[in-house]
Amino acid sequence: MLMRRVAASVLLSGCALCSMASADDATEGPNIILGAGVQRMPAWLGSSDHRDQPVPYIDAELPWHITLSTLDGLTVDFIHSGKWHGGLYGNYLWGRDRDELGPKLGGIVDSLSPRINGGGYLEYQATTQFSVGGNLAHDTQGAGAYLNLYADYDLPVIGYLNHSLELQWQAMNGPAMRRYFGVSPEQASRLDIAPWSPDAGGQQISLEYDAYMPTSLHTGFAVAINYTRLLGDASGSPLVRSFGSPNQLTTTLAFVYRL
């Protein structure tokens with residue numbers, strides 16, 4: 001989870017003067033990181049074209065074991081003793097509009113509004129460097145459901161550079177798959193491709209490299225490079241095969257400041 005690791009790196013870089021709030025003390029003041037950056041991402045999920053998206057960075061560790069991040073979403077930690085953590089989870093999913101679909105697909109393939117997902121998560125901190133976990137969430141405005149399983153590993157620090165790797169696998173239920181990758185008979189006829197009604201299953205696997213380089217006690221640059229490979233019925237969609245690519249690359253650069 002990028003922003004959670006960025007938050008830890010910023011706090012570690014300034015630990016001589018300002019340490020993290022104790023996980024067992026809900027009365028400690030919040031730790032807040034603000035920033036702004038640019039994310040170069042696929043124009044739509046499965047696209048071979050890219051768009052540049054301004055990204056506001058907010059990461060707040062609040063009292064009562066609440067965290068809020070523009071990238072990792074909202075967590076409310078009800079299990080916070082020992083190596084286990086878990087509780088409520090919420091996040092935001094990008095949609096796609098006519099301009100992002102481009103001249104070939106825009107007006108034919110459905111535009112998708114951004115959505116909020118809500119559910120729960122569970123994480124196990126095996127060591128100080130390695131953790132595994134997962135979250136299960138449901139679209140709050142529809143029938144889509146999403147399962148994410150991940151493993152994080154903090155790489156050895158190089159000078160002032162803090163960096164890490166995350167491997168993640170995601171699955172979708174049938175309605176979510178069809179929302180992003182389905183092709184109705186009418187759409188197929190207009191695009192001269194086969195109709196497609198995907199089923200539930202593994203949708204993607206991704207590997208992400210995150211790095212943080214401090215520039216002062218409170219500031220620094222965060223970088224993320226994410227390679228994703230679409231799987232199963234997602235990669236088999238005629239939208240992906242004819243108009244996109246199963247290989248998805250997202251890069252992010254941001255400047256962050258800890259209050």
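I started at glycine 107, which touches Arg98 and Arg190, leaving aside residues up to four places away in sequence. The model is predicted, and I kept that in mind throughout.

I then placed glycine 107. It sits in the loop between helix H2 (98-105) and strand E6 (115-125). I looked up its accessibility next. Glycine 107 counts as partly exposed because its relative accessibility is 42%, and that class lies between the 20% and 50% cut-offs.

Next I went to the loop between strand E2 (50-62) and strand E3 (66-69), where I found tryptophan 64. Its phi is positive, about 65°, although tryptophan 64 is not a glycine. I noted this because most residues other than glycine have a negative phi. Histidine 65 is in the loop between E2 and E3. Histidine 65 also has a positive phi, near 60°.

Histidine 65 has 19%, so I logged it as buried. The cut-off for buried is under 20%.

Last, I turned to arginine 179 in helix H3 (residues 174-181). Which side chain of opposite charge is nearest to arginine 179? I found aspartate 139, 4.7 Å away. Arginine 179 is buried yet has no salt bridge, since a salt bridge needs the charged atoms within 4 Å. I listed its contacts too: arginine 179 touches Arg96, Leu112, Ser113 and Arg115, not counting residues up to four places away in sequence.

Technical notes. Residues numbered from 1 in each chain as written. Predicted model: local features only at pLDDT ≥ 70, side-chain atom pairs only at ≥ 80, totals over all residues. Heavy atoms only, no water. Helix = DSSP H or I, 4+ residues; strand = E, 2+ residues; numbered from the N terminus. Buried < 20%, exposed > 50% of the residue type's maximum accessible area, 1.4 Å probe, protein only. Lys, Arg positive; Asp, Glu negative; His and termini not counted. Contact = heavy atoms within 4.5 Å.
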